[in-house]
Amino acid sequence: MHRLLLADDSEAVRLAIKSLLQRLAPEWEICGETPEADEAVRMAEELRPEVILIDLSISGSKGLWVAKTLKDTAPFCRSILISEQHPAILAHLQAESGFICLAKTQLASALVPVLRGERNTP
Amino acid sequence: MSSAPTLNVISEADEQIACRFEGARLPWTGEDILLLRLTFRTTSSTPFIALNEQIESLNRARHGLENEVRIRTAQLVDAQTKLQELSAQLMLAQDEERRRLARELHDSTGQTLTAIQLNLSVLMSEFSLSPENRARIEQTVELTNHAMGEVRTISHLLHPPMLDEAGLSMALRTFVEGFEERSRIAVATDLPGMSERFSPEMETALFRIVQECLTNVHRHSGSKNASIRLTRENGCVVLEVADFMRRVRACTIR
């Protein structure tokens, strides 16, 4: 089983992503979830997941901070930023930051291929 | 004292001067000169005293007025400073309120719609769905996406997208892209990297300045090109927005 950590303020979104993965990518296990940025960093360091899904706006606007921090403290963990922003804006952010950025509107079609390493862009 | 003696003395002096060329000596006595002095002092000092008093009075009035002008000017400067401070506070309060509303929209409506859209997508993957139901769910996904787009648009109008999450440079690039599309004006950007962050207030203010400047270029300049440059110079943040009709150094903020 592959392990994934879920960091998003919204419980409804976390639930929806969980059922999406259970249905479409059952080989991925959610090893932990949190609505809070500092907690996300702590849990990633402790639980050592392969991937962390981070809401760009978590804890106000700390998604990018979580990804940057984990690049140093948990380099084994791949960060994927997810956001309500328009895909075109997120393409800019991905080019600029080097982190994979997915629009939440595209999660249903893009998340599983990205997790499986079949593609790195939405 | 009458001025007649004076006239007499002057008249006599005049005669003596007239005789000068014949070697005559001035026959003036000390008394004559004393009389002349007294006469002149009496006749001329009265208007001089009055004039001096008038001048002094005018000077006093002038000083009074100058003082009044100084006080009023200081009051005006003070009022202007307060007005600027109030205006800045108003702008900050307005931006804070907009930021809060945008956040509220994102956290509540935006997230709920995201969850609905994801759940519908999971439903779509059910193999047992009839074609009608699948079409209905597809339609609902589309509607949800549309609603998410609307929420995003309102949120962007309230607060610049990516400003909080990824900083000023990223937010400006995003804004410029949309602006170029809407206005057909090509904008060259020279912006620092994403890691260069300023205080939230300064980032919002700089963003609004660029927004206003580019809007003015679009409305008034007629230029088909513009440029934005944001640098640090000697402890200052220097923002330069230019078009190719007239160059405006927009602002320097310490």
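Let me begin with a question: is the crossing of H5(B) and H6(B) left-handed or right-handed? This is a predicted model, and in it the crossing of these two helices is right-handed. The contact draws on Leu168(B), Ala171(B), Leu172(B), Phe175(B), Phe179(B) and Ser183(B) from H5(B), and, from H6(B), on residues including Phe207(B), Val210(B) and Leu214(B). As for geometry, H5(B), residues 168–183, and H6(B), residues 200–221, pack with axes 11 Å apart and at an angle of about 15 degrees. Since angles under 35 degrees count as roughly parallel, H5(B) and H6(B) are therefore roughly parallel to each other.

I turn now to chain A. Its open sheet has five strands in the order S2-S1-S3-S4-S5, with parallel pairing. S2(A) and S5(A) stand at the edges with a single partner strand each, so one side of each has no neighbour in the sheet. Within the sheet, S1(A) and S3(A) pair over four bridges, and Ala7(A) stands opposite Ile54(A) in S3(A). H2(A), residues 37–47, lies across S1, S2 and S3 of chain A and runs at about 140 degrees to S2(A). H5(A) also packs on the sheet, and its direction makes about 155 degrees with that of S5(A).

Finally, the contact between the chains. Chain A contributes 29 residues and chain B 25 residues. On the side of chain A that touches chain B, H1(A) gives the most, with nine residues. That side has 13 nonpolar, eleven polar and five charged residues.

Terms used: Residues are numbered from 1 along each chain as its sequence is written. Chains are lettered from A and ligands numbered from 1 in the order in which they are written. This is a predicted model: local features need pLDDT of at least 70, side-chain atom pairs count only at pLDDT 80 or more; totals for chains, interfaces and linings use all residues. Axes are lines fitted to C-alpha atoms, for helices over the stretch in contact, and angles run from 0 to 180 degrees between N-to-C directions. Angles under 35 degrees count as roughly parallel, over 145 as roughly antiparallel, 65 to 115 as roughly perpendicular and the rest as oblique. A crossing is left-handed if the near helix is turned anticlockwise from the far one by less than a right angle, and right-handed if clockwise. Two residues are in contact if their C-beta atoms, placed from the backbone, lie within 7 Å. Ala, Val, Leu, Ile, Met, Phe, Trp, Tyr, Cys and Pro count as nonpolar, Asp, Glu, Lys and Arg as charged, and the others, Gly among them, as polar. Two strands pair if DSSP finds at least two bridges between them.
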